[in-house]
Amino acid sequence: MASTFGSSGGADDLVRLSASDLAQALQRGEVSAVEATRAHLARIEAVDGALHAFLHVDADGALAAAVATDQRRAAGDELGPLAGVPIAVKDVMTTRGMPTTCGSRILAGWVPPYDATVVSRLHAAGLVVLGKTNMDEFAMGSSTENSAFGPTRNPWDTTRIPGGSGGGSAAALAGFEAPLAIGTDTGGSIRQPGAVTGTVGVKPTYGGVSRYGLVAFSSSLDQAGPAARTVRDAALLHAVIAGHDPRDATSIDAPVPDVVSAADRGAAADGIRGLRIGVVRELGGEGYQAGVQARFAAAVDVLAGLGAQVGEVSCPSFGYALPAYYLIAPSECSSNLARFDGMRYGLRVGDDGTRSAEEVMALTRGQGFGAEVKRRIMIGTYALSSGYYEAYYGQAQKVRTLISRDFAAAFEQVDVLVSPTTPTTAFPIGERVDDPLAMYKADLCTIPANLAGIAAGSFPCGLSEDDGLPVGFHVMAPAMADDRLYLVGAALEAALASSWGGPLTTLVPDLEVPP
Amino acid sequence: MTAISPDEVAHLARLARLELSGDELRRFAGQLDVILGAVAAVADVAASDVPPTSHPLPLTNVTRPDEIAPCLSAEQALAGAPAREDGRFRVPRILDEEL
């Protein structure tokens, strides 16, 4: 495939290459993995003071992995398509020998003794892990402001949030600190950061990517997935990390959809001709920023112009997705986070010989968890308690069924559903920290896909005219039809990239780097 | 929907093993009240005949072959322990002295 974006040159150019183009340069021997890694480490050194996308940078480990990949290439070993390409990993995936904090004080300094399956697959494919990215504590949040280690800043405007919970991964991409990143998505934590940073983020079908080593927040919703600056890059990464894992009992034992071919097909002429696209009536209108709605509508027109059949589809239960989610996710989290008890790993507070284990647990959790985590644990505890269970958790589970039924009925009529990814563009840091409900609304459009376990992704569709910030185009496809996301995303990218001069991140303003 | 008082927050915090300050109890009471008021909207859905969904995949009894495989060593398992003694996790007392 011809080089779509950029060209290789100096170190600054290396960090602006797509993963796909960098991989080709590596394969042709024009650049080594060590050079590519050094360029990204230098970029992190230069801009991460301003962005704070990373919680931990593993320069030595990254260079050692790069050396190993270069040696394997020199020896003529068969290497995967992304071998030697650097990647950033959200700090919720365990990494053997590398700190894993989940953005929480309760895990500060913890070094896991094992790799998540996703991380093992990155290593096996020869990717170079640069480090761990910032996130809302235990993936609870939509702005990365809930990180115990300070917020991440949006490269488009450093006074604004980069989304969350995976704001670090998204900012690392938009800030050219890494061409690829791993995220996790429980209610939108890959897609919403993708939308507000002008990058691509995909939540695969639930069970499509192993959760082994993904520190659990809400086990029936959590899903790891790829993030990148281009659609093809995300597809290449998706192919590396997806597939059955016997270590995750909820992992789907079926062939992975051919997402890379779909990305290539979508970018070709007539790639989406005849595809049936349904605009979700309930995900728009009041409460949605005018500039977001305008960009979204323009993108729908682009797809119609490419020959897709566009119509409106109603999903009447989606209005109840947000309340159902904010009962189900806290309920599961109140159970999952019980493991952080200060006994076997992580923080322990107040163990002075006079206090009981129970008192030490309460002190440890009181000091180790931040406000949002505490709120959700208590909401979940309340929703699961005797007398309230049926009205709250039980009813939320029924709403979950209705949302799945809405999707099933919609996918009888159309191949994919679309909406804006988020109701607004990136909001200012600090604007919603004291208003949990306002923060929760950032996930209005992304949550239904998690509740139903289907595949969904966010793709850049341009800048909002009212504030000049990126807008995300949200595509939802049936379970195990992840390839359709890439088909549509690639078609949109191919149609719009010429007006941007490359991927949308080409337009990110230069960061003011201190000398 | 009844308002959540600081006393009720204290009860939830005890159940969840969260030591909270008085300031936190007051702040969370207001916030939990707003959140629970909003999520109570699920009650508006007529769903008495709808089965609940607890998980997106209809899986039951996923098993693996019962085979011996490598696992973490005691040293690896203890590497992150806040306190250890004789190759074990050392924990605060779990029973009251009078028991």
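**Exercise 1. Work out how H9(A) and H17(A) pack: at what angle, and how far apart are their axes?**

Step 1. Take helix H9 (residues 259-267) and helix H17 (residues 482-500) of chain A: they pack at an angle of about 30 degrees, with axes 7 Å apart. Helices here are DSSP runs of H or I with at least four residues, strands are runs of E with at least two, and both are numbered from the N terminus. Axes are lines fitted to C-alpha atoms, for helices over the stretch in contact, and angles run from 0 to 180 degrees between N-to-C directions.

Step 2. Look at who touches whom. Val259(A) and Ala262(A) are among the H9(A) residues in the contact, and Tyr486(A) and Leu487(A) are among those of H17(A). Contact means C-beta atoms, placed from the backbone, within 7 Å.

Step 3. Sort the contact residues: ten are nonpolar, two polar and five charged. Nonpolar covers Ala, Val, Leu, Ile, Met, Phe, Trp, Tyr, Cys and Pro; charged covers Asp, Glu, Lys and Arg; the others, Gly among them, are polar.

A quick word on the model: it's predicted, so local features need pLDDT of at least 70 and side-chain atom pairs 80 or more, while totals for chains, interfaces and linings use all residues. Residues are numbered from 1 along each chain as written, and chains are lettered from A and ligands numbered from 1 in the order written.

**Exercise 2. Find the edge strands of the open sheet in chain A.**

Step 1. Write down the strand order: E1-E3-E2-E4-E6-E5-E10-E11-E9-E7-E8, eleven strands with mixed pairing. Two strands pair if DSSP finds at least two bridges between them.

Step 2. Check the ends. Strand E1 (54-57) and strand E8 (309-313) each pair on one side only, and that makes them the edges.

Step 3. Zoom in on one pair: E7(A) and E9(A) run parallel over three bridges, with Gly278(A) opposite Leu417(A).

How values were computed
Contact = placed C-beta atoms within 7 Å.
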